[in-house]
Amino acid sequence: MLNRRTVVQASLAAGLVAGLAGVAEFAKWRRDNTGWHAISWPFPRDGWPTGKAWRGEGIEVYIRPKLGFCSNCDTGVVTDEEVDRVTDVDLLDEHFVPVHEGSRIHITDLVGRARLYRLKAKAGISRLAEGIAVAYKCDLVVAVVVGDLADEPTRRSAHAFLETNTVQVWLNQQLEGR
Amino acid sequence: MRLVGMSDLQARSAYQPTIQHQGNRWIAYIGHHGGTDDVPAPVNPLTGKAESNGTSIVDVTDPTNPKFLRHIPGLPGKYEDGGAQMVRVCEGKTLPKGDRAAVYMLRTFGSQAHEIWNVADPTNPLLLTRIDGLQDTHKSWWECDTGIAFLVSGAPGWRTRRMTQVYDLSDPAHPVKIRDFGLPGQEPGATGAVPTEVHGPISTGPKGNRVYFGYGTNKGGVMQIVDREKLLNGPKEPTPDNLRAPEISRMLMSSWNGAHTTFPMLQMPIAEFAKDKDGSKRDIVMIVDEAILNECLEARQMVWFADVSIENRPMMISNYTVSEASGAFCQRGGRFGAHSSNESMASVFYEKMAFISFFNAGVRALDVRDPYHPKEVGYFIPAITAATDKRCVKVAGKDRCRVAIQTNNVETDDRGYIYIVDRANTGLHILELTGEARQAAGLK
């Protein structure tokens, strides 16, 4: 059976070829890889390994693996309650409130759920954050996207960034070839 | 520690043992995880059939020659997804409304339900009751003198995998639910951060009027002290205020450690403090973490001692771990670290000796008479057998597997025997103390 690294490398290579085949895809590729830069992990150390953070397009994304943390190694993340429980949205605001029900999401070959939350206002401005939890067997990868996320294209842009080489190469290093 | 006898438990992965003095016999009830990828349902030689792992019943009256009496199949499924991991036993004659002739066994059924069986004839157990519609059922506590049970479950709507359902099982054939309980933020309809899930409670009954809840396994541990009377008789609707009402205090542990077992040892005389005006006796809770990951791929999971004499200011006072270097345990394969302690409060060992299962480091006997300075006085690591299963880690994307002992749980009986069971299918080992450890326990 192929491990995740092999699967992702194959899919990234295929994605790159397909991307170069069309102008629209090329534009998407450029968008994925420009305008984003790494920033310091903004949270205090906790029981999980420190993750990686990026800023771009007016939003920030924080991502890290939580190995062995999936509730159900067969089904993966299938409930909104699990998204509430496992993502790092609480590091931004312990009193986060979901905006609506979550939805199924896939980031490369990893499948799970994403849910949008409202955070406490900062300087009088209400903020939104999206929690994403996807699973590979018993391991989780969790991400938080924060910023002006009211419109769907902005969230999609963040999802696309999570699928770029920039993120996936780092993630594969963290997953230690799982 | 010396090996007295063993049973292979039909090469089933074992979780919780409970030892019951039943008439003139001693019976061990042992819960199992689900099967393995290689052997999803081992053959039971007594029936000749492949049976999903469930509960083994073993006559240990003669500990040198344990007799396997019966296997009750559990939920089909592998590893954590099947089996019947947990088991508690109460006699009908001690339960307020029990059948005096009955012996009741409470067990989990996979992760879906709690079951109560009459095991008065341990070779012919009879199913009485099933409380189902649940998920992630786990390590419950059952008071045999009152029938009050603290069932660890995942209930529909709750935001955590595991919470506590308090039941009156004084008449085991007719369970009566009292209330649901958890940390505020776990209840249905809550928003915001979800606190760590419960692993298991231990109650001191109406006399002690305390329940010690352990939350977490290997991360974000919480030890919570609860007023039992307020828990049972307070307002029951799971609102944040009602969940907070019976709490006396909670102690937050490091994010690197969980609270798998919270074992109270109350009013312990401390020799060093004997001449002090205050505090010559201390209330202690021994907190045992659970190692989860193989080959030390996490922070060390170990044993912590908290002084809870001042209940709203619990304070960690000491700790214990096996020295890794004493056996190169991070390289032996499988998990290395603590998992659980014995939970029997029989006078033979209570507040004198504690026994800790330590996965590939076997079982460790601790002299806890001075909990400020716990001291290891004995250990036993079973030998690997042909049945011992492998444990794997990923190295460069490939499985690297090693066959390793995984002593999962330990329990004691009133005679002073120690029972350890193996998660990697090596079976049950019955031990006794020798030398300094035997002396420390006051055994002849």
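Predicted model: local features only at pLDDT ≥ 70, side-chain atom pairs only at ≥ 80, totals over all residues.

Me: What makes up chain A, in helices and strands?
Reply: Chain A holds six helices and eight strands. Each one is a DSSP run, and a helix needs at least four residues, a strand at least two. Read from the N terminus, the order is α-α-β-β-β-α-α-β-β-β-β-β-α-α.

Me: How many of the residues of chain A count as buried?
Reply: Chain A has 178 residues, and 37% of them count as buried. The label requires 20 or more other C-beta atoms within 10 Å of the residue's own.

Me: Which residues of helix H5 of chain A are buried?
Reply: H5(A) spans residues 152–162, and its buried residues are A:Arg155, A:Ser157, A:Ala158, A:Phe161 and A:Leu162.

Me: Why are they said to be on the same side of H5(A)?
Reply: Their arc around the axis is only 155 degrees, so they lie on the same side of H5(A).

Me: What sits on the face of H5(A) turned away from the buried side?
Reply: That face carries A:Glu152, A:Pro153 and A:Arg156, which are exposed. For that label, 12 or fewer other C-beta atoms may lie within 10 Å.

Me: Now chain B. Why are E9 and E10 of chain B called a pair?
Reply: Two strands pair if DSSP finds at least two bridges between them. E9(B) and E10(B), residues 103–109, have five bridges, in the antiparallel sense. The cut-off is at least two, so they count as a pair. In this pairing, B:Val87 stands opposite B:Arg107.

Me: What makes E9 of chain B "mostly covered"?
Reply: E9(B) runs over residues 87–91, and four of its five residues are buried.

Me: Which strands are the edges of the open sheet in chain B?
Reply: The sheet has four strands in the order E9-E10-E11-E12, with antiparallel pairing. E9 and E12 (126–131) are the edge strands, as each pairs on one side only. On average, neighbouring strands are turned by 20 degrees against each other, direction ignored.

Me: How do you know that E11 and E12 of chain B pair?
Reply: Count the bridges again. E11(B), residues 113–118, and E12(B) share five, antiparallel. At least two are needed, so the pair counts.

Me: How many residues does each chain bring to the contact?
Reply: Chain B brings 17 residues and chain A brings 19 residues. The chain B side divides into six nonpolar, six polar and five charged.

Methods
Residues numbered from 1 in each chain as written. Chains lettered and ligands numbered in written order. Contact = placed C-beta atoms within 7 Å. Nonpolar A, V, L, I, M, F, W, Y, C, P; charged D, E, K, R; others polar. Axes fitted to C-alpha atoms, helices over the stretch in contact; angles between N-to-C directions. Arc of directions from axis to C-beta.
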